[in-house]
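The sequence and the structure are shown first.

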Amino acid sequence: MARDGSAREPGGERVAIVGAGLAGCLLAVLLGRRGVPVTVYERRPDPRIAGAERGRSINLAISARGLAALEQVGLRDHALKQALPMHGRMVHPARGAQNFQPYSADGERAINSISRGELNRALLEAADGTPGVTLRFSQRVAGVDVDAGMVLLEGANPEPADVVLAGDGAYSAVRRSLHLDEDADFLAHGYKELTIPPRDGGFALDPDALHIWPRGTSMMIALPNLDRSFTCTLFWDKDDFAALDTPEKVTARFEDEYPDVAGLIPDLADDFAHNPVGSLVTVRCWPWTRYGDGAVVALLGDAAHAIVPFFGQGANCAFEDCIEIDRCLTETGGDWARALSLYQERRKANTDAIAEMALDNFVEMRDRVSSRVYRAKQAATHALERRLAGRYVSRYELVSFSTVPYAEIPARIRRQNRVLGLAVAGAAGALGLAGLLRRRRS
Ligand SMILES: Cc1cc2nc3c(=O)[nH]c(=O)nc-3n(C[C@H](O)[C@H](O)[C@H](O)COP(=O)(O)OP(=O)(O)OC[C@H]3O[C@@H](n4cnc5c(N)ncnc54)[C@H](O)[C@@H]3O)c2cc1C
Ligand SMILES: NC(=O)C1=CN([C@@H]2O[C@H](COP(=O)(O)OP(=O)(O)OC[C@H]3O[C@@H](n4cnc5c(N)ncnc54)[C@H](OP(=O)(O)O)[C@@H]3O)[C@@H](O)[C@H]2O)C=CC1
Ligand SMILES: Nc1ccccc1C(=O)C[C@H](N)C(=O)O
């Protein structure tokens, strides 16, 4: 398709989606529903047959944005049935008692721990059942030839496409093939997953919380699963993982750093040795679209903007991309070239904003949550939210429990704090003046 999208009549384009992950599947359902036939290429075998991989991001926290998107394809209630609500953080200090920190002012709001595999399967089922959607598993895409209008497949002949939507994750092969202006910012930290199995048939920890063991420069977290296990994720400097090269060293570090869980992970040393260390990366690239003589390509989800997982927003944000693409197609009457341009313009500031907030939330989780001052501030914030309902809203609330565009949140928080600062200064001034007047009268 040429830059003006004129190669084919609107509606007649051959549309390919790369990646049957969370975003790819959701987008396939949305496009299929519009009557747009679409072929989805996925490098892995069908997970409904092959099963999920071990030790790779087992569960996810889905919140308002993700749920709003799932609602649009009728999967919200199904997802919630498969999920466990987490109403706050349970903070486990190195020494002393754990403490619970609610996510919302009323203590009622929760983020939802859901199995990535289950969510992906539900979306795949929905895509499979949508007329016009063709799923092609075990097809690894190597890139796109935008001038020839071809999807390049490893070990198979190229296949034609006029529109290619790349939802192939943080290490996107499509993105790499386009040679965009790109920056991949890797943390020195990596992550490794471990499992706390059920204890005496029940949960070994409180299932209503996201557990955090903040240790200053590193942390461990745990999210509950429906089978009453917990998936723990260690976020450590990569060198620290490498340094624990014997079962004794692993056990000793856990007994020292995480004394309350060391005994809850029977396969600790074995899981530690065998589960992979994943990388943590923020990808910033621009533009997200490429217009060639034969095809237009757009990136979405992690392929366009991988963010570190510390706000639990990557999938939520990827789902928002899909909804925006669908909306832009409606607004442009199905004109792909204009719709994709509009999509990237609308989304970029939002994904930049959540990328920054996600990095900041790592410091909050691994360090700030331990401090008494932080806890007092949180309590004050929640008290203000209750008093000034709707006028003072915390960052956490706006990110996790609203669909306010991410880009608006930092400015809104600054504005609220400024007004609050003025109000506090005004109140202090008034109190001072009243005191002065009292002293003068007496
Ligand atoms: C440890 C960890 C915890 C996380 N926790 C959360 C959380 O709690 N909440 C949240 O919202 N987000 C979370 N995320 C982020 C979330 O996983 C991603 O943002 C989300 O999966 C992005 O969706 P996607 O569809 O863009 O990519 P993916 O879901 O990764 O899908 C990409 C798909 O493309 C396929 N693919 C890749 N390359 C090719 C190729 N060359 N050819 C064909 N197919 C290909 C992959 O196999 C995969 O199926 C977490 C991430 C990590 C690493
Ligand atoms: N923003 C972030 O920090 C992260 C985000 N994620 C997101 O979550 C999704 C699901 O995660 P998960 O299933 O655990 O997949 P992973 O990202 O852990 O790994 C999937 C595959 O990506 C490839 N890969 C891993 N690391 C690199 C690297 N440094 N450079 C190039 N390729 C790499 C490997 O493919 P192969 O075996 O073919 O080489 C690996 O098997 C990912 O697709 C990604 O979008 C995942 C990790 C970190
Ligand atoms: N899902 C995650 C995965 C990895 C790291 C954090 C999360 C979170 O969800 C953090 C949560 N939003 C919090 O702020 O407590």
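In this predicted model, a backbone N or O atom of Gly312 lies 3.2 Å from a nitrogen atom of ligand 1.

| Residue (backbone N or O) | Ligand 1 atom | Distance |
|---|---|---|
| Gly312 | nitrogen | 3.2 Å |
| Ala23 | oxygen | 2.8 Å |
| Ala315 | oxygen | 2.8 Å |

The protein covers 89% of the 990 Å² of accessible area (Shrake-Rupley method, 1.4 Å probe) that ligand 1 has on its own.

The shell around ligand 1 holds 30 residues, each with a heavy atom within 4 Å of the ligand. Glu42, Ala61, Arg116, Asp302 and Ala315 are the closest. By type, the shell comprises 12 nonpolar, 11 polar and seven charged residues, with Gly counted as polar. At least two shell residues come from each of α1 (22-33), β3 (59-62) and α11 (314-331); α11 gives the largest share, three residues. Helices are DSSP runs (H or I) of at least four residues and strands (E) of at least two.

Helix α5 (residues 116-128) has 13 residues and reaches 18 Å from its first C-alpha to its last, close to the 18 Å expected at 1.5 Å a residue. Ser115 caps the N-terminal end of α5, with a side-chain oxygen 3.2 Å from the backbone nitrogen of Gly117. Gly117 is also among the buried residues of α5, buried meaning under 20% relative accessible area with a 1.4 Å probe, protein chains only. Others include Leu119, Asn120 and Leu123.

Residues are numbered from 1 along each chain as its sequence is written, and chains are lettered from A and ligands numbered from 1 in the order written. Local features need pLDDT of at least 70, side-chain atom pairs count only at pLDDT 80 or more, and totals for chains, interfaces and linings use all residues, while side-chain values use heavy atoms, leaving out hydrogens and water.

Terms used: The expected span of a helix is 1.5 Å times one less than its number of residues. Buried means under 20% relative accessible area, exposed over 50%, partly exposed in between (1.4 Å probe, protein chains only). A polar contact is a pair of N or O atoms within 3.5 Å; within protein, one must be able to donate a hydrogen and the other to accept it, and residues adjacent in sequence count only if both atoms are side-chain atoms.
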